[in-house]
Amino acid sequence: MAVSRDRLLTVFSLFILFSFLAYADSNFSHYTLRILQNIAIFITLAVSYNLINGIAGQFSLGPNAFLAVGAYASAIFTLSPEEKLRSFIIEPMLWPLSVISVPFAASLLIAGIVTALVAILMAMPVFRVRGDYLAIVSLGFGEVFQVLANNSMSITNGSLGLKGLQPYTNLWWSWGICVFTVFCTLRLVNSSYGRAMKAVREDETAAEAMGINAFRIKTLAFAFSAFFQGVAGGLLAHLITTISPSLFTFMFTFNLLIIIVIGGLGSTTGSIIAAVLITWGGEALRFFEEPANLFGFQYEGIPGMRMVLFSVILILVMLFARSGIMGRSEFSWEGALGWIKNKLSVMKV
Amino acid sequence: MDLLLDINGLSVFFGGVQALNKLSLQIRKGEIIGLIGPNGAGKTTAFNAITGRIHPSEGSVFFCGKEITGWPAPRIARNGIARTFQNIKLYEDLSVIENVMIAAHSSISYSFIEAILGVGRYSRDEARIKSRAYELLELMNLGELASEQANSLPYGSQRKLEIARALALNPRLLLLDEPVAGMNPTETREFGQFLLTLRDNLSIGVGLIDHDMSFVMEVCDMIRVIDHGIPIAWGTPSVVRNDPKVISAYLGTDFNGAMDNHATN
Ligand SMILES: Nc1ncnc2c1ncn2[C@@H]1O[C@H](COP(=O)(O)OP(=O)(O)OP(=O)(O)O)[C@@H](O)[C@H]1O
Ligand SMILES: [Mg+2]
């Protein structure tokens, strides 16, 4: 009974969300729509990043690299052969990549799979041994990717980057993928695989003594997380329509780290809330970096000011609210309805 | 085929220190075998070597006729050897019921794709794992605590939870490292009774380390005594209790006091 009630409420909420998006699509400015899409992409990234860092407890610094891999993988597959011929001016593109062109949806799937494979290759040496090597290796991979992308002229077009991507990514694609990612992640976390991930995070020795192959579970978490980060990369590429090796800086990873820590490491709900707050807040705080006239004083605006602010917020959270907004708890209809009933009864009295 | 565990000449070195010296031990189905010895004798090290947590330097471990020496820990666990830890190792931030359900991970038949889509064998398996976990919690008298966080439990209940978790593996052999440490005499006696019924009902083998001599003498069929890694005695509780080598190994400890207690009980 409770299960079908919860399902009904979830479907209803999704209906509200997509109705809002439909309204937004025809009424909001281009700029606002862009922010809404960024929010969806950042929720996708944060939720999947939280899976490896928060749920499985393996400290990765890889999202920007995975984003880049996904962006390139999908862009290479959606560009038309004519466009490829036009952009690859220094060295022609490698056959058969030069003649292949697939629909956007297929390219997102390819982006996810390629990125997950890269993650599995990385996991092989790293998870074979115990210890926090993942952070170093995933961080290093970001640099390695840049070098590779700059030098594989016939695949990535080097530092010239890929231009002229079709702007396939819209409100529906970004929010559709976002909802799908959250759905898959929640299911995974609530399954035996998710519990095994948490067990490895809590105590690897005890997990292994209970028959859990820690190597496999960590690799699964990492590959799952990378898959969705790769898909998000594909979305981002077709939102900005021009990508280059230096675009996916460590700032992406840094932002995501802030998001999942502020949301509460290990809480998918927290990641979603914080992704909305930080992405939207980041736009709202843009005026700090722009010249303004404040009460007669001329304020020049300081570029990078938002990053300083976010760093300060991160430090404050680490000092005074270590468990973030949600701690490790999750949203549930049971809890939400209980909370509302509580408020109502207080209001009556 | 009643022989579960068959250890021959098992040795473990830590650097130059020999923590275990040629231990041999057999555990059959339906037996409770004690492993005792003074502090630092190498008892926990023996369990670690059997369960694959550390690599033995010499010797062999057979389980149900299969050689498992040097196998990785998860594989040994899945083959039917479950253990508890001397310094309790629970998944502290998770709920009591989740702790138990985790040990059933190797028994699930659904793939991770089925888990994500929530189709196929997913619901049936989850229901089975959950009801089995509740059963085991009831068995250990932890039923009401199912949704508590594991590290909020009192010490004695944490030990019981570890045993419930170990049983969720459906083991053929259960290795308990100081299960009654921190329990009072009444709890200890109850636990002894519980262990005997468990052994009879599940017809499993049990390996038991403990410093509570009266408890060990009460429940064990046979006892192996080691000192400084070296096996010094083997026999029934009454034989071991009167062995001069055992008495001198425990010299200066409360072994005799514990024995007297046991005699008067
Ligand atoms: N990982 C390790 N590295 C180095 N030495 C170790 C290690 N584990 C145990 N030892 C040493 O091996 C010896 C045996 O230790 P072990 O823990 O097996 O003793 P025990 O019989 O379980 O003692 P207790 O009754 O105190 O639990 C001790 O001297 C201990 O210091
Ligand atoms: Mg010990």
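How many salt bridges are there between domain 1 of chain B and domain 2 of chain B? The count is zero, where a salt bridge is a side-chain nitrogen of Lys or Arg within 4 Å of a carboxyl oxygen of Asp or Glu.

This is a predicted model, in which local features need pLDDT of at least 70, side-chain atom pairs count only at pLDDT 80 or more, and totals for chains, interfaces and linings use all residues. Residues are numbered from 1 along each chain as its sequence is written, chains are lettered from A and ligands numbered from 1 in the order in which they are written, and side-chain values use heavy atoms, with hydrogens and water left out.

**View 1. The two domains of chain B.** Domain 1 covers 1-80 + 171-265 and domain 2 covers 90-170 of chain B; such bounds come from an automatic or database domain assignment. Taken over C-alpha atoms, the centres of the two domains are 27 Å apart. Domain 1 of chain B brings 16 residues to the contact and domain 2 of chain B brings eleven (contact means heavy atoms within 4.5 Å).

**View 2. The interface between the domains of chain B.** About 1100 Å² is buried between domain 1 and domain 2 of chain B, 78% of it on carbon and sulfur atoms. Buried area is the accessible area (1.4 Å probe) that two parts lose on being put together, summed over both. On the side of domain 1 of chain B, the most area is lost by Pro171(B), Met183(B) and Phe194(B), together 37% of what that side buries. Two residue pairs are in polar contact across this interface, both at pLDDT 80 or more. A polar contact is a pair of N or O atoms within 3.5 Å; within protein, one must be able to donate a hydrogen and the other to accept it, and residues adjacent in sequence count only if both atoms are side-chain atoms.

**View 3. Ligand 1 and its surroundings in chain B.** Residues around ligand 1 include Phe14(B), Gly40(B), Lys43(B), Gln86(B), Glu178(B) and His211(B), where near means that a heavy atom of the residue lies within 4 Å. A polar side-chain atom of Asn39(B) is 2.9 Å from an oxygen atom of ligand 1. For Thr44(B), a polar side-chain atom lies 2.7 Å from an oxygen atom of the ligand. Ala41(B) places a backbone N or O atom 3.2 Å from an oxygen atom of ligand 1.

**View 4. The interface between chain B and chain A.** The contact takes in 33 residues of chain B and 28 residues of chain A. Together the chains bury about 2600 Å², with 64% of it on carbon and sulfur atoms. Four salt bridges are found across the interface of chain B and chain A. In one salt bridge, the side chains of Asp93(B) and Arg328(A) meet at 2.4 Å, N to O. Twelve residue pairs, both residues at pLDDT 80 or more, are in polar contact between chain B and chain A.
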